[in-house]
Amino acid sequence: AAFRTASPLAPLSRGMAGPLSGTMRLCGDVQMPRAWYFAGFKGASYPTVPSAAEKSEAAREGTIGELAVAFPEERLQGALFNDVKACKCGKPCAFTLEACNACGASLKTV
């Protein structure tokens with residue numbers, strides 16, 4: 001008989017394989033090992049990188065747009081803005097993509 005436990009990593013039934021064994025289907029025919037899926041993981045068993053608690057102040061006040069107007073040099077303009085393709089679904093996509101990674105629509109003519 002199936003049983004539920006307090007741990008999200010525990011099997012749901014006695015005959016079920018461990019939660020990190022086997023594969024899982026993402027979409028269509030795409031599969032990946034369950035051990036690679038860490039969304040929502042709340043354990044302390046994977047390595048983390050420590051970060052400094054100190055914060056620095058912004059070098060300049062204002063928005064990116066205001067900075068672009070104040071410093072119109074071409075070198076700076078290329079670093080301030082990203083080239084994107086806007087999909088018909090409304091998602092901004094990387095300029096190099098040929099299909100939207102949210103809805104799959106073609107971006108070749110965008």
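Start with colouring by pLDDT, the predictor's confidence in each residue, from 0 to 100. This is a predicted model, so local features need pLDDT of at least 70 and side-chain atom pairs count only at pLDDT 80 or more, while totals for chains, interfaces and linings use all residues. Residues are numbered from 1 along each chain as its sequence is written, and side-chain values use heavy atoms, with hydrogens and water left out.

**Whole chain.** The mean pLDDT of the protein chain is 75, with 71% of residues at 70 or more. For secondary structure, helices (H or I, at least four residues) and strands (E, at least two) are DSSP runs, numbered from the N terminus. You'll find two helices and four strands, in the order β-β-α-α-β-β from the N terminus.

**Select 1-17.** Here pLDDT stays under 50. Where pLDDT is low, the predicted coordinates should not be read in detail.

Strands β1 (residues 23-27) and β2 (residues 30-33) run antiparallel, joined by four bridges; two strands pair if DSSP finds at least two bridges between them. Click on Met24 and look across to Met32, its bridge partner in β2. Two residues sit between the strands of this hairpin, and Gly28 has a positive phi near 60 degrees.

**Select the cysteines.** How many disulfides does the count come to? A disulfide is a pair of cysteine sulfur atoms within 2.5 Å, and by that rule the count is zero. Take Cys93: the nearest cysteine sulfur, in Cys100, is 3.7 Å away, and Cys93 is in no disulfide. For Cys89, the closest cysteine sulfur is that of Cys87, at 3.7 Å, which is too far for a bond.

Buried means under 20% relative accessible area, exposed over 50%, partly exposed in between (1.4 Å probe, protein chains only). Cys93 is buried at 3%, whereas Cys89 is partly exposed at 42%. Of the chain's 110 residues, 9% count as buried.

Cys87, Cys93, Cys100, Ala105 and Leu107 form the largest nonpolar core, meaning a set of buried Ala, Val, Leu, Ile, Met, Phe, Trp, Tyr and Cys residues joined through side-chain atoms within 4.5 Å. Finish on Cys100: beyond its neighbours within four places in sequence, its contacts (heavy atoms within 4.5 Å) are Cys87, Cys89, Lys91, Cys93, Ala105 and Leu107.
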